[in-house]
Amino acid sequence: RILKGFRNFLPANLDLLEEILIRVSQLVTDFPEIEELDINPLIVTQNNICAADARILLKPSEIVSPHHLIISSYPNQYEADVIAKDGEKIFVRPIRTEDAPIFIELFESLSPRSIYLRFFSPIKSLRHSMIVRFTQIDYDRETALVAIRKTDSKEEMLGVARVIVERNGKEAEFAVLVRDNLQGKGIGAELLGRCLEIAKSRGLEKVWGLVLPENTQMLALGRKLGFGVKRDPESGDYQLTIHFGKAASG
Ligand SMILES: CC(C)(COP(=O)(O)OP(=O)(O)OC[C@H]1O[C@@H](n2cnc3c(N)ncnc32)[C@H](O)[C@@H]1OP(=O)(O)O)[C@@H](O)C(=O)NCCC(=O)NCCS
């Protein structure tokens, strides 16, 4: 309330304040050596912002940025422009919390068959908890890459692949999904291939996933990416497994 102005004090410039908060957050993200940081007072007026006094305590750190953060920051190093088989330029990036509306739109565009192949059940609509689960991820435990078509006014989600690390920290489960009218253009291979590269670079030993027997596309994609394929004689489902550092085997 004070910042909004009172008596003869004009309101503070909240845009400037927001910018400073983001910059300070970036500073402590970039430098694990910052042990303590105290800015007091920070004077915000309508046109200006000024740190009248500040104190920063530094300490050598063996941990490199961003691994010192308790909650991982957005991993923008995985952003990339890629070209689909039909020549379309697509942007690949990690999923964000703000992607909920375009994730829902992707889900609502799917055929019942694609939904069944991905979720193993005929889901009609996404529950709120599922939307949160799929879009608000812990970047330490999970990699979820989305393929995005950018137009002037909006972004459209074309597909998503994810690799979720299990409690043991060594194994992870994958899932992948591509918009029906864009299947077969290399998007699934691009997204899942990149997720596997990330899993490998993070030292995971094994990535696996279950695939329904009628899912010839996913079985072909799995083989192409180097997964070993094994059929469960009881359920008839296939388990796709890839081992890093060893020859792929089922
Ligand atoms: C399975 C799925 C993710 C594959 O993604 P995609 O973008 O369609 O696949 P790609 O275009 O990258 O194709 C990769 C490989 O799959 C195979 N493939 C693709 N389309 C195929 C088709 N119609 N029939 C048989 N194999 C096919 C090919 O081997 C292809 O490689 P190639 O073109 O170099 O020969 C996608 O079809 C999908 O979303 N299906 C519904 C959801 C699902 O089944 N998810 C997987 C469950 S975890």
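**Notebook: surface, fold and local details**

I began with the surface and found that the protein exposes about 15,500 Å², of which carbon and sulfur atoms supply 52%; these accessible areas come from the Shrake-Rupley method with a 1.4 Å probe, and for residues only the protein chains shown count as cover. I kept in mind that this is a predicted model, in which local features need pLDDT of at least 70 and side-chain atom pairs count only at pLDDT 80 or more, while totals for chains, interfaces and linings use all residues. I number residues from 1 along each chain as its sequence is written, and side-chain values use heavy atoms, with hydrogens and water left out.

Next I looked up the overall fold, which has six helices and twelve strands (DSSP runs numbered from the N terminus, helices being H or I of at least four residues and strands E of at least two). The radius of gyration is 23 Å, well over the 18 Å that the globule rule gives for 250 residues, so the protein is more spread out than a compact globule; the radius is taken over C-alpha atoms, and the rule is 2.2 Å times the number of residues to the power 0.38. I noted that 38% of the 250 residues count as buried (under 20% relative accessible area, with exposed over 50% and partly exposed in between, using a 1.4 Å probe and protein chains only).

I then turned to helix H2, residues 100-109, whose buried residues are Ala-100, Ile-102, Phe-103, Leu-106 and Phe-107. They cover an arc of only 170 degrees around the axis, which puts them on the same side of H2; the arc is that of the directions from the helix axis to the C-beta atoms. The face turned away from this buried side carries the exposed residues Pro-101 and Glu-108. I traced the packing of the buried residues of H2 to strands E6, E7 and E8 and to helices H3 and H4, where contact means heavy atoms within 4.5 Å.

In helix H4 I looked up Arg-133, which is partly exposed at a relative accessible area of 36%. Leaving aside residues up to four places away in sequence, Arg-133 touches Glu-142, Arg-162 and Ile-164.

Last, I checked the backbone, recalling that most residues other than glycine have a negative phi and most peptide bonds are trans. The peptide bond from Asn-40 to Pro-41 is cis, with omega near 5 degrees, and Pro-41 sits in the loop between strands E1 and E2. Phe-120, in the loop between H3 and H4, has a positive phi near 60 degrees.
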